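Thanks for passing this one along. Below are my notes, point by point, for you to read with the model open beside you.

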Amino acid sequence: MLYTIVVSNFPIQGTLKGNRLLSKLLDYIKRRTKKIQFEIRTINQLFIIMNKICFILLTTLFASLDLSCQSPKSSEDRPNIILVMSDDQGWGQVGYYNHPILKTPNLDRMAKNGLRLDRFYAGAPVCSPTRASVLTGRVNDRTAVFSHGEPMRIQEKTIAQALKGIGYNTAHFGKWHLDGLKGPGVPILKDDIRNPGYFGFDEWISVTNFFDINPLMSHAGEIKEYKGSSSDIIVRQALKYISNNKNEPFFVAIWYGSPHDPWSALDSDKTDLPHQLKEKDKNYLGEIVEMDKSIGLLRNELKNMGLAQNTIVWFNSDNGGLPQGGKEGVGGLRGFKGSIYEGGLRVPCIIEWPEQIKSGQISSYPAATMDIFPTINSILELPDSTMIQPIDGASIKHIFNNNTTIRKTPIPFKYKNKGALIDNDYKLVVENIEKKQYALYNIKDDRTENEDILSTHVEKGTEMIDYYERWLESVTNSVVGNDYKNGLSVPDPKSQFWWDTPKYKPYIEKWKDRPEYHSRLKKANKIEDK
């Protein structure tokens, strides 16, 4: 960027190369002082210029100029953002946690190049609620996504809407599962008022739920069949979109359908797995191998396009692992998907942003999917009004290059009649909310949650129970619609299987012989064998 600077009608010239702090200062002056023109060619005279400018503008500058290069404001400094989420991948199903069978070299490299969060939690122990928490920064019940397949309220504000509002190009690829439809993933119809486009995504190639090899997907309402493995398909489609929009900031959500059942992996993704494994297990783990390869493709292509340095890639799973993966799949933690114990909530997470995050960091700071939206808001310095209040997450930007492990605000969870509250080393487990059945664990000393210490830590337990019960009251307030300006102006529809809806009825005959639908349609008595 070239400038000519005139101070007191006297032209001074100098150079500016790569100094973002000074660039911000000069940009600020240019915006505020129309008479000043810029052209800098020598670094020595730049300091003369800066001294003169600081002397003239000191009294007005510091009140409004952000001197931290950690908070890019101008569009050219704004990072690209890619949220990557796997489907049912357990906390232990990564190579960097020494899984006994599974190798994930690309996730391992990503972890070495960024920030690995060892205590990161999904917003809920099942998929749809967590997806709502990612998009809104709020615990799922506030958005009416009480369980899997529940529809998110259209009154909610999403991260995609916020970023679109400041000029980001936005796109969603893969599993959606926020429009109230259950059953194997089908293309989202164009007139679905809860499609990704409504919630802020300009471009979307999406399905209602999980999807596998050669899926039918919806490209902004147009039904298409894509050939190949699901993970590879959506990453390649995302890269095509990124390539076409690389000159402007973009926000992309890549939401995999793997390793959700039914498992079907390509032979090439099973060759390195032990021969003695059952075919079902090979397909299960093969889906993670396939997904890991696609993450390698994503990272390599970002580098080839010159975008990797200032692109945030935030990876996590949507809930804990499945019993199919055994205890090693959840890293020895207690419970699996659907449980409010660690095995159901704790998930792998990596944040990579080479321009701002130093490589090789490992953090035990407790964080959750509710923190994603507030963190991006903090990075871009967006107002709190971009989110429906109250939110349950908090920005974790301050830990990007800081080894702090103490979180100021607890992390709350609610799933059906169960819940939890994480306050640093302590975790309150609520096995039955209505009956007030509580247990307290020290996660640092007792990672597998075997010893309930509520009776010996009465003061801490009482403090956390009081906090949780007050929080529940605020959630109830949200559920009845008091967070929205016009209340519940639109009633919450019920979740249902897609084959029971009038809009999908014409497709049953067309899709009945597809392997991903046939057995489910037959079980639902929608088709008969010939």
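1. Let me begin with Pro354, which counts as partly exposed because its relative accessibility is 25%, and the buried class stops under 20%. Bear in mind throughout that this is a predicted model. Pro354 sits in the loop between strand E14 (349-352) and strand E15 (361-363). Leaving aside residues up to four places away in sequence, Pro354 touches Asn113, Ala308, Gln309 and Thr311. From Pro354 to Ile312 the C-alpha to C-alpha distance is 8.1 Å, although 42 residues separate the two in sequence.

2. Now the overall picture. The protein has 530 residues, of which 59% are buried, and its secondary structure comes to 13 helices and 21 strands. If we take contacts between residues at least 6 apart in sequence, 70% of them join residues at least 24 apart.

3. Which residues touch the most other members of the largest nonpolar core? They are Ile82, Val252 and Ile254, in a core of 48 residues. Two or more residues come from each of strand E3 (80-86), helix H3 (105-112), strand E6 (169-175), strand E8 (203-207), helix H6 (230-244), strand E11 (250-255), helix H7 (279-304) and strand E12 (311-317). H7 gives the most, with 9 residues. As background, nonpolar side chains in soluble globular proteins tend to be buried together.

4. Not counting residues up to four places away in sequence, Ile254 touches Ile82, Leu83, Val84, Met85, Phe173, Ile234, Val235, Ala238 and Leu298. There is also a second, separate core of 46 residues, and its members include Leu115, Phe201, Phe251 and Met387.

5. Do look at helix H4 (residues 127-136). 10 of its 10 residues are buried, so H4 is largely enclosed by the rest of the structure. The buried residues include Ser128, Thr130, Arg131, Ser133 and Thr136, along with Val134 and Leu135. They pack against E3, helix H5 (159-165), E6, E11 and helix H10 (372-380). Just after H4 comes Gly137, with a positive phi of about 75°.

6. Next, an open sheet of 4 strands, in the order E17-E18-E19-E20 with antiparallel pairing. Strand E17 (411-415) and strand E20 (437-442) are at the edges with a single partner strand each, so one side of each has no neighbour in the sheet. On average, neighbouring strands are turned by 15° against each other, direction ignored. Helix H11 (residues 458-479) packs on this sheet and touches E17, E18, strand E19 (426-432) and E20, and its direction makes about 125° with that of E18.

7. E17 and strand E18 (residues 418-423) pair over 5 bridges, with Lys418 in E18 as the bridge partner of Tyr415. Another 5 bridges join E18 to E19, where Gly419 stands opposite Val430. Between E19 and E20 there are 6 bridges, and Val430 stands opposite Tyr438 in E20. E19 is mostly covered, with 5 of its 7 residues buried.

8. Two hairpins belong to this sheet. E19 and E20 form another with 4 residues between them, where Lys436 in the turn has a positive phi of about 55°.

9. How many aromatic pairs does a search of the whole structure find? The count is 23. Trp176 and Phe201 make one that is edge-to-face, 6.1 Å centre to centre with 90° between the planes. Trp176 lies in the loop between E6 and strand E7 (181-182) and Phe201 in the loop between E7 and E8, so the pair ties together parts 25 residues apart in sequence. Both Trp176 and Phe201 are buried.

10. Phe497, Trp498, Trp499, Tyr504, Tyr507, Trp511 and Tyr517 are linked into a cluster by ring pairs. Arg334 lies over the face of Tyr341, 3.8 Å from the ring centre, and Arg346 lies over the face of Trp91, at 5.0 Å from the ring centre.

Note on methods. Residues numbered from 1 in each chain as written. Predicted model: local features only at pLDDT ≥ 70, side-chain atom pairs only at ≥ 80, totals over all residues. Heavy atoms only, no water. Core = buried A, V, L, I, M, F, W, Y, C linked by side-chain atoms within 4.5 Å. Buried < 20%, exposed > 50% of the residue type's maximum accessible area, 1.4 Å probe, protein only. Contact = heavy atoms within 4.5 Å. Pairing = 2+ DSSP bridges. Axes fitted to C-alpha atoms, helices over the stretch in contact; angles between N-to-C directions. Phe/Tyr/Trp six-rings, centres within 6.5 Å; stacked < 30°, edge-to-face > 60°. Lys NZ or Arg CZ within 6 Å of the ring centre and 35° of its normal.
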